Every structure is written in structure tokens, then in C-alpha cells.
Amino acid sequence: MAPALDGSLAAKPGPSVTHPLDPLSADEIVRAADILRRHFDLGAALMFETIDLAEPDKAVVRGHAPGQPFPRAARFTVYKRGETGAWAGRVDLDDGVVAAVDFLPDARPMFSPEEFMQIEAAAKADPRFQAAIARRGIDRMDLVCVDPWTAGNFGAEGEDGRRVAYTFVWRRAFEFDNYYAHPVEGLNVAVDVDTFEVIRVDDHSAASGTFVPVPMEPINYDADLLGSLRQPLKPLDVVQPEGPSFTVEGNRIAWDNWDLRVGFSGREGLILHQIAYTQDGRRRPVVYRASIAEMVVPYGTPEGVHYRKNVFDSGEYGFGKLAQSLSLGCDCLGHIHYLDVVLHDLAGQPRIIPSAICIHEEDAGLAWKHFDFRTERTETRRLRRLVVSSITTVGNYEYCCYWYLYQEGTIEFEMKATGIINTAACIPGTEQEYGTEVAPGVIGHIHQHIFCARLDMEVDGPGNSVVECDTVAPPMGPGNPMGNAFKVVERVLPTEQAARRRVDFERMRYWKVVNPEARNRMGRPTGYKLETPSAVQPYLDPAGPSGSRAGFIYNHLWVTPYHPDERYPAGEFMNHSTGTDGLPAWTARDRPLENVDIVLWHAFGLHHLPRPEDHPVQPRVLCGFKLMPVGFFDRNPVIDLPRETNRASRGNAGPAASCCA
Ligand code: CO
């Protein structure tokens with residue numbers, strides 16, 4: 001343990017830090033990095049993969065009173081440039097010491113954004129790569145693009161035990177050209193990301209001398225290059241003359257009956273903490289912490305070396321590190337409250353992403369309606385939702401993350417996937433078994449995007465159980481003489497192994513989280529249901545080099561008792577992982593799950609055979625899930641919405657008249 005720092009660096013949370021769950025401030029990152037530099041004494045060779053908030057014990061968080069002091073600590077992963085292995089541990093920011101540290105000789109840190117261009121530069125500087133580019137008749141190296149794919153764990157020559165990028169290549173026709181329209185097939189470079197040594201140049205066509213031609217038709221999306229655009233529609237404005245209905249204090253949001261805290265990490269991106277619904281003056285917790293904790297994109301073609309495309313965009317690159325600033329009136333419509341995100345770079349310096357988190361409210365259509373045909377009275381209410389969002393760009397793709405809180409108690413996550421599909425080259429017009437020719441000579445291979453949500457639940461308090469609900473039809477005969485009977489059969493999932501579950505359409509299966517000690521008006525446990533419309537069937541063989549690292553995709557639901565170190569479903573260190581850490585390993589312990597502090601893990605995503613319509617940029621496609629109250633409330637929780645008529649609305653018969661009664 002290092003000695004405490006002198007008083008001049010005493011812990012002093014910046015003005016932005018007012019709560020134990022607030023992300024680290026820039027000052028705190030500076031301080032943590034300084035403590036780590038002194039501790040390791042490696043000078044500029046010390047690389048900072050991760051410095052982020054070490055969340056305090058839940059008891060500390062729950063017991064926190066505004067204005068009271070609270071402990072601050074940072075988690076870290078650092079490594080020495082040029083060497084394998086990493087140190088992981090905890091910095092106590094109050095005492096100014098490294099409070100815990102382990103050296104992990106096999107751990108290989110995630111890629112950092114600033115390494116992307118260094119990987120490209122290393123490839124381009126290699127004479128073997130230059131020769132391969134020349135063999136293809138390409139004479140402008142400045143127009144060649146080398147994308148830094150993580151390399152997985154395939155036992156390839158020279159890669160073992162190293163931190164490696166396995167690159168794929170595209171080219172531009174001119175400076176602002178869309179290079180993904182011009183894939184350079186059959187040329188890959190393995191680069192050591194610690195030393196930037198080129199391990200191998202794989203020119204798969206060099207021996208035969210026959211190359212798949214690079215498709216050179218320009219297919220662009222930049223409006224400056226497109227020429228003619230359609231006529232714009234008339235303005236559609238979101239008018240909030242009195243401002244929004246939410247308030248933001250620091251990282252806490254209050255809106256209608258909801259309140260929550262917003263967090264963010266370089267690895268997970270958006271984090272929602274302490275989501276609660278207040279009813280009749282009683283604040284009722286629902287979720288302690290929610291995030292998208294991992295994702296993987298397996299590509300489905302065995303051709304060439306495309307099997308190596310199997311990226312964990314959270315664990316290998318960092319979903320939060322690749323978040324983008326959002327722009328008002330383009331990304332975000334209406335009255336917006338932005339939050340900046342504070343991360344850090346490889347040198348341990350704070351890196352601020354301005355306006356990375358967007359908070360606003362939206363009309364969500366009709367809430368409820370009834371017309372009494374006898375009295376001819378009508379009651380109609382509209383619904384609103386609070387939206388917390390951020391957008392991440394991982395190479396060619398955009399992941400747009402939206403958390404919605406609805407007035408009627410539903411919490412929804414929606415992923416809007418857009419950006420550019422990953423492309424390869426083919427002989428134009430040839431039959432494609434594992435993909436779609438999206439433009440002449442350009443193929444998009446079949447793939448999936450499988451995300452894993454980590455939902456640390458606290459429905460009416462920490463003691464929760466998970467219930468599986470299957471609908472069954474008793475056989476026609478005694479008890480079901482007309483053959484119409486069907487009912488829901490409930491079963492508590494008692495332990496972790498029993499709680500490795502998959503969706504079952506034949507049983508209309510769903511799961512709910514209940515609090516066995518909290519009862520609704522009918523005497524039933526209060527609960528929240530997990531709706532899983534985006535469960536996907538995985539096709540990776542679980543024994544293969546990619547499937548074995550992605551164990552979380554083989555069940556749609558996993559449940560674990562809360563443990564602070566169980567955070568990432570495919571394991572803590574993902575880069576070149578072996579699959580020995582993560583949900584399959586944790587749940588093998590088969591810990592009991594009834595009336596304990598549980599964490600739900602839900603794997604969901606997109607099954608994607610690209611369409612020509614997805615090129616050159618894919619119109620957004622959606623996936624997600626919902627947490628919906630089931631017996632949490634005693635009645636329709638929005639029955640008390642006031643009658644309202646939107647006076648800005650206009651019809652062909654004139655301005656809006658009152659719509660109710
Ligand atoms: Co896709």
C-alpha cells in the first residue's frame with residue numbers, strides 16, 4: 001500500500017458531486033490518476049484503461065442524507081505500455097491511497113479510442129501491407145482505411161497471450177467518401193496493440209494473384225455528396241411554452257411520480273440508479289441500478305476470415321467511451337436538458353463529452369379512454385414518458401440507447417440501431433449463402449446484435465423473488481369440457497441454475513419479480529413483469545471459440561443474488577477472454593434466490609440479415625424490453641390523470657375543443 005498523499009491533495013469532491021452515486025468528477029479523476037501514478041511509479045508508461053466510480057455499499061447509499069459527507073472511491077484498471085497483464089483495484093479518494101490492487105498477468109485491457117488510429121498507422125507502415133495494397137492497384141495509402149477489430153481468441157499464429165487487433169480494410173475514392181462502400185477483401189493485419197508491432201499481414205489472395213475487385217461505385221450518405229434531396233415536410237414543432245415537467249438537480253431527475261439518478265461509465269454508458277415511483281406520498285423503489293452491461297455481435301459466415309468478426313462492443317471497446325455529443329434539434333427534439341459526461345483518456349487526463357446524455361419528455365399517445373354508450377360521456381387521457389438517452393458510435397455502427405419511464409409505471413429500454421452495416425466484397429451477382437448483396441459487389445453478412453441488460457431490482461425493497469409464468473391449456477375433457485380453458489401457472493425460480501431460462505412462445509412465458517413481503521390490496525405480492533419481445537435465438541456453437549466467450553447469449557433470463565463484483569455478464573476482462581468468467585460461471589454456484597437482493601440479466605437483441613435498404617446507412621431498427629407493473633399498484637395508476645386538452649392542436653374544423661365529458 002502506498003503512503004497517503006500530502007494535505008494539498010486532500011479529498012475534495014468537486015461541486016458537481018453531491019451524492020454517493022454521482023459519477024467521478026474531473027477533479028476526482030485527476031486525483032485518482034495522480035495517486036495511481038505515485039503508487040506505480042512507471043512514468044508515462046502507465047496506461048489508464050479504466051478509472052470510474054467504485055459504487056459504495058448499498059447500505060451507505062440508502063442511508064445517505066442530503067448534505068451529509070460520504071465516502072468516495074474509484075475503481076481502476078491500469079497497465080504498463082508494451083507489457084501484458086493489468087493491475088485492477090480501488091483507490092480511496094478520501095485517504096489518497098491505493099486501497100486494493102491485484103496484478104492479473106493474463107488480463108488484456110480493452111481497446112481505447114486513441115488506439116484506433118495507431119492501429120491503422122501501424123498497419124499502413126508495414127511494407128507487407130503496402131505491397132498487398134499495391135497488388136490491388138491502389139496507389140493512395142491515405143485513402144485506405146484499416147478498422148481496428150478486436151481479435152477474439154482463435155489460437156492464431158503469433159497472437160497467443162498478446163493484446164491484438166485483427167483489422168479489416170476499406171478504401172475511399174476521395175476524402176469524404178463513404179469507405180464502407182468499397183471493401184478491400186481478403187486483406188487483414190494482426191497488430192499487437194501494446195507494442196504496435198505488426199504480427200502478420202494476411203493477404204489471402206496473394207498466392208493465387210486473383211483478387212475480389214474492390215467495388216468502386218460511390219454510395220454516400222453525406223448530404224453534400226448526394227445532390228438532390230426530397231422536399232422537406234412542413235415544420236413539426238414540440239412546443240413546451242412553460243418548459244418541461246421534470247427537474248434536474250445534479251444527476252437526480254424528478255418527473256411526475258418518478259425519480260431516479262443518472263450515472264454513466266466508460267464501459268456501460270448510461271446507468272440509471274434508484275428508480276422509484278411515489279404514490280400517495282409513499283416513495284416505492286423499483287430498480288436499484290439498470291444498465292446494458294454487455295453486448296456481442298457475432299457474424300455468421302464461415303467464408304474467409306470473417307469468422308473473426310465477433311465483437312463485444314461494451315467489454316472490448318467501452319460503450320460509454322464511444323458516446324457522442326448530441327445536437328439540439330437533430331438528435332434531440334423539444335425542451336432538452338443535457339448532461340455532460342466526464343471520462344478519461346489513456347494518460348489518465350479527464351475527457352469531457354459535452355451533452356452526451358439527453359433528458360426530455362415526450363407525448364406517448366393515448367393513455368386510456370372510455371365512451372359510455374348509455375350516457376354518451378367520454379373520458380380520454382394522454383400518456384407521457386420521460387426519456388433519458390445517449391448515442392454510441394462503434395466503428396461503422398450507431399447504437400442509440402433510450403430509457404423510457406411512463407406515467408403508468410412502465411420502464412422501457414429501447415435500442416435504436418443505425419449507422420453503416422459492416423461490408424465485404426463479392427463478385428457482383430454471385431449467389432450469397434451467408435449474406436445479402438446490398439449494392440453491386442458489396443455484401444452484408446448475416447449477424448446478430450445481442451445485448452445483456454443488468455437489472456438490479458428492488459421492487460418495494462431489496463427482498464425479491466423471480467416467478468416464471470407459463471400459460472397452459474388443460475386437456476379437453478373433465479375440467480375443460482368445451483376445450484376453451486387456459487390459465488397461467490406460476491413457479492418461483494428457487495436457485496440460480498433453475499433460473500437459467502429461455503422464452504417459450506408455446507407457453508406465452510414471462511417472468512416477474514415480486515416482493516414476497518409487500519402486498520397489494522388483494523393480498524398478493526407486489527411485482528414487476530419483464531416483457532421480452534426481442535429475445536433472439538443464438539446460432540454460435542457454444543463450444544466454438546466465439547460461442548464459448550459469449551455464454552450469456554444462451555439464456556434469455558439469468559438471475560443472480562446481488563454481488564458487487566458480478567457486473568459484466570461475459571466477464572470482467574473481455575478482450576481475448578476464454579469464457580471462464582461471467583454468468584455461466586457465477587450461476588454454477590446455484591445460490592438461492594428467494595426473497596433476496598436479486599439481479600435480473602436479460603439477453604435480447606437484433607437478428608440481422610442485411611437488406612439493400614440498410615445501405616449506405618441503415619434506417620434505425622429497434623429492439624428492447626419492458627418492466628411493467630403487475631399487482632404493484634392496486635388499480636390503474638393513471639386513473640388520476642387530470643382532464644386536459646392540447647390547445648395547440650388544430651383540426652380541419654378549427655382549434656381543439658374540450659375532449660372530455
Ligand atoms: Co446489424
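**Close-up 1. Strand β20 (residues 424-425) and strand β22 pair in the antiparallel sense over two bridges.** In this predicted model, Ala424 is the residue that stands opposite Ile443 in β22. Strand β22 covers residues 442-445, and its side chains point two ways: Val442 and Gly444 point one way, while Ile443 and His445 point the other way, and all of them are buried.

**Close-up 2. Strand β21 (residues 435-439) also pairs with β22 in the antiparallel sense, here over four bridges.** Within this pairing, Thr436 stands opposite Gly444 in β22. The hairpin made by β21 and β22 has two residues between the strands, and in this hairpin Gly441 takes a positive phi near 80°.

**Close-up 3. Arg308 and Glu159 meet through their side chains in a salt bridge, with a distance of 2.6 Å from N to O.** The pair links distant parts of the chain, since Arg308 is in the loop between β13 (282-298) and β14 (310-311), whereas Glu159 is in the loop between β5 (144-147) and β6 (164-171), 149 residues apart. Arg308 counts as buried because its relative accessibility is 3%, and Glu159 is buried too, with a relative accessible area of 7%.

**Close-up 4. A salt bridge joins Arg549 to Glu316, and the closest N and O atoms are 3.0 Å apart.** Arg549 lies in the loop between β27 (525-531) and β28 (557-561) and Glu316 lies in helix α6 (residues 313-317), so this pair ties together parts that are 233 residues apart in sequence. Arg549 has 3% relative accessibility and therefore counts as buried, and Glu316 is buried with a relative accessible area of 0%.

**Close-up 5. Arg501 and Glu468 form a salt bridge in which the closest N and O atoms are 2.7 Å apart.** Because Arg501 lies in the loop between β25 (487-492) and β26 (510-519) and Glu468 in strand β24 (residues 465-472), the pair ties together parts that are 33 residues apart in sequence. Arg501 is buried, with a relative accessible area of 19%, and Glu468, at 2% relative accessibility, counts as buried as well. Salt bridges that share partners join Glu468, Asp470, Arg491, Arg501, Asp504, Arg507 and Arg509 into one network.

**Close-up 6. Asp256, Asp280, Asp634 and Asp640 form a negative surface patch.** One of these residues, Asp256, is found in the loop between β10 (252-255) and β11 (258-265). Asp256 counts as partly exposed because its relative accessibility is 43%.

How values were computed
Residues are numbered from 1 along each chain as its sequence is written. This is a predicted model: local features need pLDDT of at least 70, side-chain atom pairs count only at pLDDT 80 or more; totals for chains, interfaces and linings use all residues. Side-chain values use heavy atoms; hydrogens and water are left out. Patches are made of residues with over 30% relative accessible area and no salt bridge: like charges are joined within 9 Å, nonpolar side chains (Val, Leu, Ile, Met, Phe, Trp, Tyr) within 5 Å. Accessible areas come from the Shrake-Rupley method with a 1.4 Å probe; for residues, only the protein chains shown count as cover. A salt bridge is a side-chain nitrogen of Lys or Arg within 4 Å of a carboxyl oxygen of Asp or Glu. Lys and Arg count as positive and Asp and Glu as negative; His and the chain ends are not counted. The place of a charge is taken as NZ of Lys, CZ of Arg, CG of Asp or CD of Glu. Buried means under 20% relative accessible area, exposed over 50%, partly exposed in between (1.4 Å probe, protein chains only). Two strands pair if DSSP finds at least two bridges between them.
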